[in-house]
Amino acid sequence: MKKEVSRKELFETMPIGKALMTMAVPTIISQLVNLIYSLVDTIFIGQTGDAYKTAAVTLVFTIFMMTISFGNLFGVGGGSLIARLSGSGQEKEAKAVSSFSYWGAFTIALIYSFLIWVFMDPILNFLGASSSTLEFGRQYVWYVVILGDIPTIVSGAGAQLLRNTGFSKEAGFGLTMGGILNIALDPLFMFVLLPKGMEVAGAAIATLISNVISFIYVTWKMHTLSKESPLSIHPKDAFSIRKRDVASLFNVGIPSALLTGLFDVANMVLNSLMAGHGDLQLAAIGIVMKAERLPNAINVGIGQAMLPIVAYNYASGNHDRLNAVINKARLWGYSVSAVTIIMYELCAGPICSIFLNTSAGAAEAAQTIVFAELFLRIRCLAAPFQFTNYNTSFCMQAVGYGSGTLIHSCVRELVFYIPFMFLLNALFGQTGLVSAVVSGEAAGGVFALWLFRRWKKKNLSFKLD
C-alpha cells in the first residue's frame, strides 16, 4: 500500500520539477548507459583501426535499431494506456494490457528475427554493403539481431511498462546493468577469447549476452511487482484484454513504432546514399550518428519521464498540471540541445577520434575522421529541432492522440527529411546530404507543434500558452 501511495503522490501532488526529476534521473541514466553500451561496440571496433569494420557496423546498426520501433509498439502503446487506465482507476484492465504488451513484444521479436535470418544477404546488399564490409555485417547481424532480437525487444518494452507504472528506477537499473556488462564483455570477447579478425563477432556476442541479462532482470521485476502494481506477465491476463484496449494500445503504439521505424528507414536511405560516395564516408557518417546520440538519449529520457505523468493527469482531468509538466520538460530539453551544439562545434575532432584509432597511421582511418568532423559540425545544429519532434510526439502519445503521432511521423520523414536528402545530395553532394537532417527536423518540428497545438485547443481546458 505504501508503494501505491507513493505512486499517487508522484503523479498527482508532487511539485512538477521534483516529480519530473524523480522520473527523469533514472530514465536519463539508463538512456546514457544504453547509449554508452551501444557506442562501445563502435569504439572497440574502431580501436582496430579498420574503417571497413566500422562501416559494416554502421550498415547493420540501422537493422538493429528497428528493434526499438517494435519495442515501442508495445512498450509505448501499452505503457501509455496503462498510465491512463491507472489514472481512471482501472487497475485490472491495466494488468491485462501489461501482459498483452509483454507477450506481443515477444511474438513480434520472433517474427522479425526469422525474417532477417531468411533475407540477411539481400538486406545487407540493399543497404550498400561492399565486398569489404559484407562478411563483417553478417557476423554482427547473426548475433545481435537474429539471436538477440527477443531479449532486446522484450526488455525494451518491459522497461517502458515499468516506467509507465512509476517504477522508473527499476526500469533504469535493468537497462543500466546490461550496459555495464556489455562494456566489460566487449574487450574480453574481441581481444582475448576470439582470434584476431573476429572483433566484430566478439562485440556482437558481448551485446547478445548483455541483452539476455537485461531481459531476465526486467521479466523477473515485472513478475515480482505485479502484486502491488498494474503490471502482469501472466499469459492468462493477456487473453482477458478488452477489444477497445487493444485498439487503444495500437492507436498509440503503431504511430510510435512508425515514428522510430521511419527514422531508421531514413537512416538506411542516408547510409545507402552515403555509400555511393565511398566506404570511408559511410564509416564517417556512422561515427557521427553514434556521437550525436548523446543529446538524443538525454532528450528521449526527458520525454519518457514526462509521458506517464502527462498521461495520468490527462486521464484524471488535471490539465493544468499536464501543461506544467510539458513546459518544464521543454525547458530542460532545449537547454540540453544548446549545450550540445556548443560542445560539438568546439570538440568535433576529438569526439570523432574516440570511435576510430588513427595511431597506426592508416590513411583510410585519418581521412574518415576528417569526414566525420565536418559531418558532426553540420548535423549537430539539428539538436533543438530533433528535441521538438521527440517532445511533441511523446505528448501526443501520452494523451492517446495516435493519429497525430502517425501523421507527424509520416510527414516528418517522408515529406521532409528523405526528400531533402535526395535533393541536397544531388545539389551539393555529401555535404548537402548531411545537411538534410537540419532542414528536415526543423520543418518536422514546426509541423509537430502546429499539430499538437490544434489538438490542445479542441480537447484541453487550460488556456494555451
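## Confidence along the chain

In this predicted model, confidence is lowest in helix α1 (residues 2–12), where the mean pLDDT is 62. At the other end of the scale, helix α17 (residues 402–459) has the highest value, at 92. Residues 1–5 have a pLDDT below 50, and this stretch has four contacts in the model beyond near neighbours in sequence. A friendly word of caution applies here: where pLDDT is low, the predicted coordinates should not be read in detail.

For the chain, the average pLDDT is 84, and 94% of the residues score at least 70.

## Aromatic pairs

The model holds 15 aromatic pairs. F447 is buried, with a relative accessible area of 18%, whereas W450 is partly exposed at 46%.

Ring pairs also link Y314, Y401, F452 and W455 into a cluster.

## Cysteines without partners

How many disulfides does a search of the whole structure find? The count is zero. C352 is in no disulfide, and its nearest cysteine sulfur, that of C380, lies 10 Å away. C352 is also buried, at 0% relative accessibility.

For C410, the closest cysteine sulfur is in C395, 19 Å away, which is too far for a bond because a disulfide needs the sulfur atoms within 2.5 Å. C410 is partly exposed, with a relative accessible area of 26%.

Key:
Residues are numbered from 1 along each chain as its sequence is written. This is a predicted model: local features need pLDDT of at least 70, side-chain atom pairs count only at pLDDT 80 or more; totals for chains, interfaces and linings use all residues. Side-chain values use heavy atoms; hydrogens and water are left out. pLDDT is the predictor's confidence in each residue, from 0 to 100. Helices (H or I, at least four residues) and strands (E, at least two) are DSSP runs, numbered from the N terminus. Contact means heavy atoms within 4.5 Å. Rings of Phe, Tyr and Trp (its six-membered ring) pair if their centres lie within 6.5 Å; planes under 30 degrees apart count as stacked, over 60 as edge-to-face and the rest as tilted. Buried means under 20% relative accessible area, exposed over 50%, partly exposed in between (1.4 Å probe, protein chains only).
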